[in-house]
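Open the model in your viewer and keep the selection tool at hand. The tour goes stop by stop.

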Amino acid sequence: MIDYLSNIQLDIMLIISGISAATAFYLALSKSLDPERKVFLILTNVFSVLLLYFDRAAYLFRGDTSIAGYWMVRISNFTVFAMILMIVWAFNHYIRDIYRDETGIDKIPLRLTLVDFLVMTGLILLAISQFNGMYYTIDANNEYHRAPLFFISLMIPCAVLIMQLTVVLQYHKHFHNGLLISLVLFTTLPLIAGILQFQFYGLSLANITTGILSNMLYLFALKDMNVTVEHARELEVNFLKKENENSKRLFEQTAEALASAIDAKDKYTKGHSARVAEYSRKIAEYAGKSQQECDEIYYAALLHDVGKIGISRTILNKKGRLSDEEYKVIKEHPDIGAQILSSISESPYLSIGAKSHHERYDGRGYPEGLKGDDIPEIARIIAVADAYDAMTSSRSYRETIPQQVVREEFVKCLGTQFDPVFGKIMLHLIDCDAEYQMKEKEDVKELAGKNVLDCDEYRAEVSEGIITTKEITRIKLTSIPKEGYPEVNSMPSLILFDSLDGRIHTEEKNISRLMYFEYGEIRFDGKVVRKGARKMQTEIKKNEGKSASSGNTAYDIEATKVKDHLLIKIISEKETIEVTVALPDSARWAYIGLTGEHCQLTEVSIDRDEVEVPDDYIKRIAEEISYIDVPSGDIPNIQADGYRTATSDGILINDKLTISFHTMSLPTARLVWHCPYFSIFSSGNGKVEGPDFREYGLIRLDGENWDSDEFGRNKITVNHTDEFTNWDAWKATNKEGFDVTIHLKRDGSIVTLTTNNAGIDVTNVTTVFDPAFDVYVALTGDQCAITNIRIKEE
């Protein structure tokens, strides 16, 4: 057997070196691996080619006393010893890259750093050995002979492999099975082969083993990268065999697991894939897509960033903006994602979403520069959702962008960056999101979901804002006072405020830019500090038989906002504190920020009731701020403090109809769309949201409209006359207030609305798909007061 192996080992070397060369070539072409990891895999295989080629040459020219034989024996033996060291060096850097990526620890273990020193030492000793013959000698017949100190040449690579093996075993829980197996094999089999080689002199067992393992490294790396996708493929096959609901659940879990793995690689995009998937589904639903189409769009969006698996964590997690070169690398992820997902042939929509979600409607996107409807529809939807989440999530170089700024950006980019149809749907979703729930969630600041807030100096740590509404918000927490401080200086507090992004701000530029406004503060002993609130009234009810304790205290907090009043209840074992706050007006929002002084807030949980409290739930402590307390016209005046929070009764459109009214945007209004809206609808009782409610169109005074493809279609024409100067002047006119007249005409299934206001001519034609119903118009709006409504039928 040994003689047989000795006879064919040169052929084996030739075959393995050829495979190593082919592996290095394919690695160079591959785009699916981490670039740094790919470089060291290529080097490992290139060094293996050189090792086996020159090892073979050493055998072939041994005993050849020609000039060529003289040099080849010496060059070949030197190269063999050098390549052994270079292979373990390249493998060492391959392990370092895996260690950083899989453990998330930047500091490299000292053993791996020491390897580079040992390899350098080995190369120096190898060079010295060429002059003093400490490793081997070559006699007059050009024959190779081991020298007495030959064992030193083996000690260094063996020591390196053992050190690498200890690192792999220490951190094995961080490595996937495929990677772990390849790392263990590479660090153990050459050692075993080297021991056998001592027994069977004349066989290059260690070198052949190293060459084989160099090829296997690539195969294991490729398998590790594709293992999750292969799992998805297996689940896809099961999808065809099992009941629809069960298979859908399995596929969803797989996709979510992969999406979580993608997001986990980039610490700045945690939860990004899931949010983009949800937003994409909502857009698809509003666009009238079928349930199956909505599901496909959801999963395609969930996996749209799968290509980031092939991008270095160093780039993904870089603090600050990327360089041009780094951005060029990032732009490769759509192609990598498409390559990965293309193997799931049963679901081609997955690779389409990954490939084209960075294309722009105007053709200036990447990777292919597609334009308009040439971009797959599924990718146009994902592009809108992806851009929205990017703007409403925190990054290393900026905070979350306020939602109204995001909306303005979408308005500007309709037809350029975004498909105008799907971009317009996103505008509608933003308008409906009155509480800014469509954003990255983080209930307790900087605590990564631990639900703990560690407070030292007062207000040094403050939670994210918790919105208050007519549904009771219930907050539970436990306060642990810190040792060494009196009770009066170690307790929680609440900060009541309003801002565009729902966060506390102290810098002047952010206070102005984000319209930060603080109402007051409430300590958990009942003391309050009034700031911007009109009035704050406190009532403390002691619980009989209960006394104050100096240890941990559990609190239940209830918060409710009704119009311009806010009620906060702080309930503990010893007492109930009720604080009623009169806000400046009804249009403002009210957030609660948790903070404290010299205490730790733990076990924080936040829930909200599903049912609204009645209008008289909060006892008034100040008069209601009303901007419609003037004589009404034919129907009652309305004040919309937020998006469509108030709506007039429906006005039946028979033939021709003229409606006139006075409008004024509220003091808190700041945006173009804070103005009146006109809803064209039908319902069983002539009221918005009445029985069988169907909305055919929603037209704003500034010229935007929204329609439902399910019930009707709208075509709007907007012209700016000489009277119109700019939008700032138009908003100023709204602040001052002006009279509006709208004309409506119904002709069968066609309803035409026309109006001219402050230089904006609006003509909207609504086509009602089912003209058998009575069609109504109702006035509504956002942060505006509509008074003196007059109706005239012609």
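**Stop 1: helix α4**

Select residues 110-132. This is helix α4, with 23 residues, and it reaches 33 Å from its first C-alpha to its last, close to the 33 Å expected at 1.5 Å a residue. The expected span is 1.5 Å times one less than the number of residues. Helices (H or I, at least four residues) and strands (E, at least two) are DSSP runs, numbered from the N terminus.

The model is predicted: local features need pLDDT of at least 70, side-chain atom pairs count only at pLDDT 80 or more, and totals for chains, interfaces and linings use all residues. Residues are numbered from 1 along each chain as its sequence is written, and side-chain values use heavy atoms, with hydrogens and water left out.

Now colour L112, V115, V119, G122, L126 and S129: these residues of α4 are buried. Buried means under 20% relative accessible area, exposed over 50%, partly exposed in between (1.4 Å probe, protein chains only). What do the buried residues of α4 pack against? Show α3 (67-103) and α5 (150-170): they are the partners. Contact here means heavy atoms within 4.5 Å. Step past the helix to G133, which follows α4 and has a positive phi, near 65°.

**Stop 2: a loop residue**

Pick D106, in the loop between α3 and α4. D106 is exposed, with a relative accessible area of 67%.

**Stop 3: aromatic rings**

Show the rings. The whole structure holds 27 aromatic pairs. Rings of Phe, Tyr and Trp (its six-membered ring) pair if their centres lie within 6.5 Å; planes under 30 degrees apart count as stacked, over 60 as edge-to-face and the rest as tilted. Zoom to Y99 and Y171: the ring centres are 5.0 Å apart and the planes stand at 80°, so this pair is edge-to-face. Y99 lies in helix α3 and Y171 in the loop between α5 and α6 (177-199), so the pair ties together parts 72 residues apart in sequence. Both Y99 and Y171 are buried.

Next, select F81, Y135, Y136, Y144 and F150. Ring pairs link them into a cluster.

**Stop 4: charges over rings**

Go to R281, which lies over the face of Y298, at 4.2 Å from the ring centre. Then find K331: its charged end sits over the ring of Y366, 5.1 Å from the centre. The test is NZ of Lys or CZ of Arg within 6 Å of the ring centre and within 35 degrees of the ring normal.

**Stop 5: the sheets**

Switch to cartoon. An open, antiparallel sheet of seven strands runs in the order β3-β14-β5-β10-β11-β12-β9. Its edge strands are β3 (453-455) and β9 (535-542), each pairing on one side only. Two strands pair if DSSP finds at least two bridges between them. Inside this sheet, select β10 (553-562) and β11 (565-571), an antiparallel pair with seven bridges. I557 stands opposite I570 in β11.

A second open sheet has five strands, in the order β4-β13-β6-β7-β8, also antiparallel. The edge strands here are β4 (466-467) and β8 (528-530). Two bridges join β4 to β13 (591-597). Look for I466 opposite I592 in β13.

**Last stop: strand β19**

Select residues 694-700. Six of the seven residues of β19 are buried, so this strand is largely enclosed by the rest of the structure. Its antiparallel partner is β18 (676-682), over six bridges. F678 stands opposite I699 in β19.
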